[in-house]
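Have a look at the picture first, then read the points beside it.

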Amino acid sequence: MPKCVVVVIPNLEKVRDVLRAWEALGVPGVTMIDTIGMASLRYWVGRDDVPLMPSLRRLLESEEAAFHHRTLFSVVPDDFDLEGLIQETERILGRFEEPETGFLFVLPVLDARGFRRP
């Protein structure tokens with residue numbers, strides 16, 4: 001069963017290194033989106049009653065780029081070396097158990113259409 005690998009990267013300077021490493025490992029494709037975590041959003045706004053869906057455009061266009069993250073996701077084949085991918089990602093970002101390194105999770109993909117194999 002294919003897997004969807006998702007990683008949230010708070011350090012924008014390391015995104016290109018992760019992308020290069022994933023490509024070298026044979027990841028068939030990556031989608032990247034700008035994201036912001038709720039903790040950062042609360043800090044930025046300065047209160048606890050932040051709406052669940054604030055104006056995303058305002059956030060992304062703001063000067064507060066330090067609060068932005070990049071979230072990468074990719075679907076990899078069932079025989080892909082996930083542990084190697086995770087280890088290489090942690091080599092670049094640091095161990096995920098440490099603060100400010102990011103967040104990674106893997107989900108099973110029940111169906112995938114248009115999936116390209118490396």
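Two residues are in contact when heavy atoms of theirs lie within 4.5 Å. Helices (H or I, at least four residues) and strands (E, at least two) are DSSP runs, numbered from the N terminus. This is a predicted model, in which local features need pLDDT of at least 70 and side-chain atom pairs count only at pLDDT 80 or more, while totals for chains, interfaces and linings use all residues. Residues are numbered from 1 along each chain as its sequence is written, and side-chain values use heavy atoms, leaving out hydrogens and water.

**The overall plan**

- The chain contains four helices and four strands, and along the sequence they follow the pattern β-α-β-α-α-β-α-β.
- Of its 118 residues, 32% count as buried (buried means under 20% relative accessible area, exposed over 50%, and partly exposed in between, with a 1.4 Å probe and protein chains only).
- Taking contacts between residues at least 6 apart in sequence, 81% join residues at least 24 apart.

- Helix α1 (residues 15-24) and helix α4 (residues 82-93) have axes that come within 10 Å and cross at roughly 155°. Axes here are lines fitted to C-alpha atoms, for helices over the stretch in contact, and angles run from 0 to 180 degrees between N-to-C directions.
- α1 and α4 are therefore roughly antiparallel to each other (angles over 145 degrees count as roughly antiparallel, under 35 as roughly parallel, 65 to 115 as roughly perpendicular and the rest as oblique).
- On the α1 side, Asp17, Val18, Ala21 and Trp22 meet Leu85, Glu88, Thr89, Ile92 and Leu93 of α4.
- The residues of this contact of α1 with α4 divide into six nonpolar, one polar and two charged. Here Ala, Val, Leu, Ile, Met, Phe, Trp, Tyr, Cys and Pro count as nonpolar, Asp, Glu, Lys and Arg as charged, and the others, Gly among them, as polar.

**Strand β3**

- His68 lies in strand β3 (residues 68-76) and is buried, at 7% relative accessible area.
- Along the sequence His68 and Leu12 are 56 residues apart, yet their C-alpha atoms are 8.1 Å apart in space.
- Ser74 is also found in β3, and with a relative accessible area of 3% Ser74 is buried.
- Leaving out residues up to four places away in sequence, Ser74 touches Lys3, Cys4, Val5, Trp22, Val27, Pro28, Gly29 and Val30.
- One of these partners, Pro28, is 46 residues from Ser74 in sequence and 7.6 Å away, C-alpha to C-alpha.

**The loop between α4 and β4**

- Phe96 sits in the loop between α4 and β4 and is buried, with a relative accessible area of 16%.
- Beyond its neighbours within four places in sequence, Phe96 is in contact with Val7, Thr89, Glu90, Thr101, Gly102, Phe103 and Leu104.
- Glu100 lies in the loop between α4 and β4 (103-108), and at 69% relative accessibility Glu100 counts as exposed.
- Glu100 has a positive phi of about 65° although it is not a glycine.

**An aromatic pair**

- How many aromatic pairs does the structure hold? It holds one.
- The rings of Phe103 and Phe105 have centres 5.5 Å apart and planes at 50°, so the pair is tilted. Rings of Phe, Tyr and Trp (its six-membered ring) pair if their centres lie within 6.5 Å; planes under 30 degrees apart count as stacked, over 60 as edge-to-face and the rest as tilted.
- Phe103 is partly exposed at 49% relative accessible area, and Phe105 is partly exposed at 30%.
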